[in-house]
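This briefing is for a reader who is new to the structure shown below. It begins with one residue and then moves through the chain by topic.

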Amino acid sequence: MDKIANMVLSLKDEMIKTRRFFHSHPETGFFTFFTTAVIADKLSKLGYKLKMGREVVKPDARQGLGTKEACKEAIKRAKNLLNDNQIKYLDVMEDGLTGLVAEIDTGRSGKLVAFRFDIDGVDVTESNDDNHRPFKEGFCSDIKGITHACGHDSHITMGLTLAKLIAENLDDFSGKFRFIFQTAEEGTRGAVAMEKAGVCDGIDFLLGAHMGFQADKIGSIICGGNKLLATTKFDVTINGVSAHAAGAPQDGKNALLAASQMALNMHGITRHSSGVTRVNVGVLRAGEGRNVIAPNGYLACETRGETTELNEFMFARCKDIIKGVSEIYGVSSDIKITGGTAGGDTDKEVSSMIYELAKTSPFITGEIIKEKDFGACEDFAHFMHSVQKNGGKSGYMMIGTDLKAGHHNSKFDINEDSMLAGVDMFLRASYKLNSK
């Protein structure tokens, strides 16, 4: 083992403890108050300069914020979990301006190298079966309906461990390092509001990673993720007119039938020859009674595309359908965007760099794949697009791990040894890009 690997290995026990701590106290969306405060406290003690609240989240750019009641409950829960040193960070987060940016300057000229780590859980109730390790070993989620079933607890841990190793070995480096701890990744809701607040400004290199996903064996790595799909999440609210279904059906405007036609026609959109496109209506609710012409309807929908342009094509067709069906049935409709992100590809220069570095890591003992299509949406792509548009480079890795169940499953769990490989690769990239 070389110097880098030994530094990482020395923190293995601490990493496992940290991951299990965050796994036990998950939060979702913009309501990651506890998680953000704990991260802020740890990074402040390491000497990082913090930006929080309105400095890193543009309030009116948030999508899918959630209810005021849910926000109050999340703040109350956070207060009960935080200590006196941590609780002071709550005020700046207001009604959900969570997440943070931490920066450290070596004082020597060099690149601005940034890392992004997502911090939210998902709306899944964790399994309490005896064969589910977090339950069996006592670090299961402490709240029903939310868990870290996508590995973001390990992402937080890798970010904090990397920050510690850089801070403790700052004399080895030049330039600056920026850590973006992003909230509301699930549902692709958080990156837009953070990017609009300027968190990507000036970045020369931006790196991100996901635990598992298509890298499903510990010791393996996918060095460059491509075709991170662009997406738009949107809700459709339909208002019709109620009437007696037998006595005066001609007086009604049937929102249920309109919603059904919208769903069927959106799923019938012709796909695009330039690349992958997707559409889904995941929720349809309508009506009030068996003998009443339905006066209301609701659809929860999403489009996806291999590129931002392909996603825009799909969303535009959906809007045309919603407008046309509304006119045919005489109902009114409203579209509300609740989330979305750009498409993206890892820069060739970055995937080549990671590929060569992976060959030197003792924690990468399996297959090293230079590039592979991600095939799904990831909010990182919005940051990636912003950095690349402004002349910087960006890359996205997938860190191999053994999974007990798929992502977003109630029995999701990782092999915690895989975090060693993740931190090791980030640290090797840090030395490659900003070594003194």
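In which helix is the place of Lys 164? Lys 164 sits in helix 7. The model is a predicted one, in which local features need pLDDT of at least 70, side-chain atom pairs count only at pLDDT 80 or more, and totals for chains, interfaces and linings use all residues. Residues are numbered from 1 along each chain as its sequence is written, and side-chain values use heavy atoms, with hydrogens and water left out.

**The chain as a whole**

- The protein chain holds 13 helices and 12 strands; helices (H or I, at least four residues) and strands (E, at least two) are DSSP runs, numbered from the N terminus.
- The radius of gyration of the protein chain is 23 Å, close to the 22 Å from the globule rule for 436 residues, so the chain is as compact as a globular protein of that length.
- The radius of gyration is taken over C-alpha atoms, and the globule rule is 2.2 Å times the number of residues to the power 0.38.
- Taken along the principal axes, the C-alpha atoms of the protein chain fill a box of roughly 80 × 50 × 45 Å.
- Of the 436 residues in the protein chain, 57% are buried; buried means under 20% relative accessible area, exposed over 50%, and partly exposed in between (1.4 Å probe, protein chains only).
- Contact means heavy atoms within 4.5 Å. Among contacts in the protein chain between residues at least 6 apart in sequence, 84% join residues at least 24 apart.

**Helix 3 and helix 7**

- Two packed helices are described by the angle between their axes and the distance between the axes.
- The axes of helix 3 (residues 33-45) and helix 7 (residues 152-168) cross at roughly 15° and come within 11 Å. Helix 3 is therefore roughly parallel to helix 7.
- Axes are lines fitted to C-alpha atoms, for helices over the stretch in contact, and angles run from 0 to 180 degrees between N-to-C directions. Angles under 35 degrees count as roughly parallel, over 145 as roughly antiparallel, 65 to 115 as roughly perpendicular and the rest as oblique.
- Helix 3 and helix 7 form a right-handed crossing; a crossing is left-handed if the near helix is turned anticlockwise from the far one by less than a right angle, and right-handed if clockwise.
- Helix 3 contributes Thr 35, Ile 39, Lys 42 and Leu 43 to the contact, and helix 7 contributes Ile 156, Leu 160 and Ala 163.
- The residues of this contact between helix 3 and helix 7 divide into 5 nonpolar, 1 polar and 1 charged. Ala, Val, Leu, Ile, Met, Phe, Trp, Tyr, Cys and Pro count as nonpolar, Asp, Glu, Lys and Arg as charged, and the others, Gly among them, as polar.
- Lys 164 is buried, with a relative accessible area of 19%. Leaving aside its neighbours within four places in sequence, Lys 164 touches Leu 11, Glu 14 and Leu 46.

**Helix 9 and helix 10**

- Helix 9 (residues 255-267) packs with helix 10 (residues 308-329) at an angle of about 150°, and their axes are 9 Å apart. That angle makes helix 9 roughly antiparallel to helix 10.
- The crossing of helix 9 with helix 10 is right-handed.
- On helix 9 the contact is made by Leu 257, Ala 258, Gln 261, Met 262, Asn 265 and Met 266, and on helix 10 by Cys 318, Ile 321, Ile 322, Val 325, Ser 326 and Tyr 329.
- This contact of helix 9 with helix 10 has 9 nonpolar residues, 3 polar and no charged.

- In helix 12 (residues 380-389), 7 of the 10 residues are buried: Phe 380, Ala 381, His 382, Phe 383, Met 384, Ser 386 and Val 387.
- Among the elements that these buried residues pack against are strand 3 (112-118), strand 5 and strand 12 (393-399).
- Leu 206 lies in strand 5 (residues 205-211) and is buried, at 0% relative accessibility.
- Leaving aside neighbours within four places in sequence, the contacts of Leu 206 include Phe 380, Phe 383, Met 384 and Val 387.

**Positive phi values**

- Glu 94 is not a glycine, yet has a positive phi of about 45°. Glu 94 lies in the loop between helix 5 (84-87) and strand 2 (100-105) and is partly exposed at 34% relative accessibility.
- Lys 227, also a residue other than glycine, has a positive phi near 55°. Lys 227 lies in the loop between strand 6 (221-226) and strand 7 (230-239).
- Gly 391, which follows helix 12, has a positive phi near 95°.
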